[in-house]
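Have the model open while you read.

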Amino acid sequence: MTLGLDVPDWVRDATVEVFRAAVDRGRIERAGRLRVPDGVSVGPETRYCGDDPHQALAVYRPANAGGHFRPPLIVDIHGGGWVYGDLGVNHLYCSRLAELGFMVANVAYRLQPGANLRDQVQDLFAALHWLGAHADECGFDPGNVFLTGDSAGGHLAALISCVDSSGREQRIFGVAPDHGLSIRAVGIVNGVVEGTYRTSPGSPLLDVADRALIKSMCGGDPEAPWRPYRSFAVFMKDVELKPMFVVSGLSDPFYTQTRHLLDYLASRRARVEPLIWPKDRRLGHVFNIMEVDWEESRRTNAAMCDYFRRWLR
């Protein structure tokens with residue numbers, strides 16, 4: 001099906017509100033029973049650019065940070081279908097990554113449809129520039145930086161890593177790469193890496209949502225030069241790929257997108273390690289982000305951090 005730009009804004013806005021309400025209910029419930037681990041400290045919410053409240057980040061410090069030790073940094077990009085989210089979405093997840101010995105930057109960004117995909121890429125690069133300028137103050141090692149993202153955040157993490165390596169894509173998205181950070185590897189969790197809501201099997205409702213999504217990604221302009229770059233098959237083409245740790249599961253409705261990504265990475269002989277969970281209703285979309293203390297979540301997050309350690313310099 002060809003994605004058009006013909007979905008009325010009221011349909012889009014109503015769909016976003018239904019999605020937001022459903023996700024918020026889960027967030028409130030988890031916030032009542034889960035806590036930041038002892039020894040992990042969370043810095044204040046900090047505006048890295050602009051005046052939108054979503055252009056913010058917070059830094060999580062592990063218990064072993066300080067003195068002469070400068071831990072590596074994980075930059076985490078939350079999911080939310082490109083239309084939802086803030087620093088609270090991945091707060092507990094970031095605290096668990098910090099518990100594993102990494103400093104973690106929990107990064108938010110402007111949301112669609114108020115922003116488009118190019119705006120979101122520019123926000124995330126602005127966050128990288130802020131982190132590069134404040135590496136000494138924060139106390140992390142700028143030579144050992146890793147990107148993570150889940151769902152739509154997984155798409156954005158993969159996209160950012162490729163834009164960081166491509167002068168062509170930097171010009172298309174209007175960003176500068178001189179942020180002073182060395183990105184060593186990327187972790188993609190249940191990534192919606194085709195830049196669509198396409199699932200297998202599909203549904204008419206998701207077809208409508210896809211048309212609304214491409215409209216907001218392009219800012220309503222069907223000729224937007226970044227429009228093709230919503231898909232990994234385009235933004236990864238002719239780009240030197242970072243090592244990738246890819247998480248998904250057979251119960252993830254977006255698993256087909258992960259499968260396509262892994263097939264593509266194999267064709268490129270890319271450095272990749274997949275972690276694919278067997279079919280289990282509990283282990284659905286971004287389970288390790290939401291239920292951070294499940295055994296399977298701890299194993300998933302520890303495996304990703306172990307992978308990152310293999311790329312330290």
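1. Helices H1 (9–31), H2 (91–99), H7 and H10 (287–290) each put at least two residues into the lining of the largest pocket, and H1 gives the most, with eleven. Helices here are DSSP runs of H or I, at least four residues, and strands are E runs of at least two, numbered from the N terminus. Keep in mind that this is a predicted model: local features need pLDDT of at least 70, side-chain atom pairs count only at pLDDT 80 or more, and totals for chains, interfaces and linings use all residues. Residues are numbered from 1 along each chain as its sequence is written, and side-chain values use heavy atoms, without hydrogens and water.

2. That pocket has 42 lining residues, with Phe19, Val23, Gly80, Gly81 and Tyr84 nearest its centre. A pocket is an open set of points on a 1 Å grid over the protein atoms alone, where a 1.4 Å probe fits, with protein on both sides within 12 Å along at least five of seven lines; lining residues have an atom within 4 Å of a point.

3. Ser203 sits in the loop between strand S7 (183–189) and helix H7 (204–217). Ser203 counts as partly exposed because its relative accessibility is 24%, between the cut-offs of under 20% for buried and over 50% for exposed (1.4 Å probe, protein chains only).

4. Ser203 and Phe287 are 84 residues apart in sequence and 23 Å apart in space, C-alpha to C-alpha.

5. Among the residues lining the second largest pocket are Arg184, Glu240, Lys242, Arg271 and Arg313.
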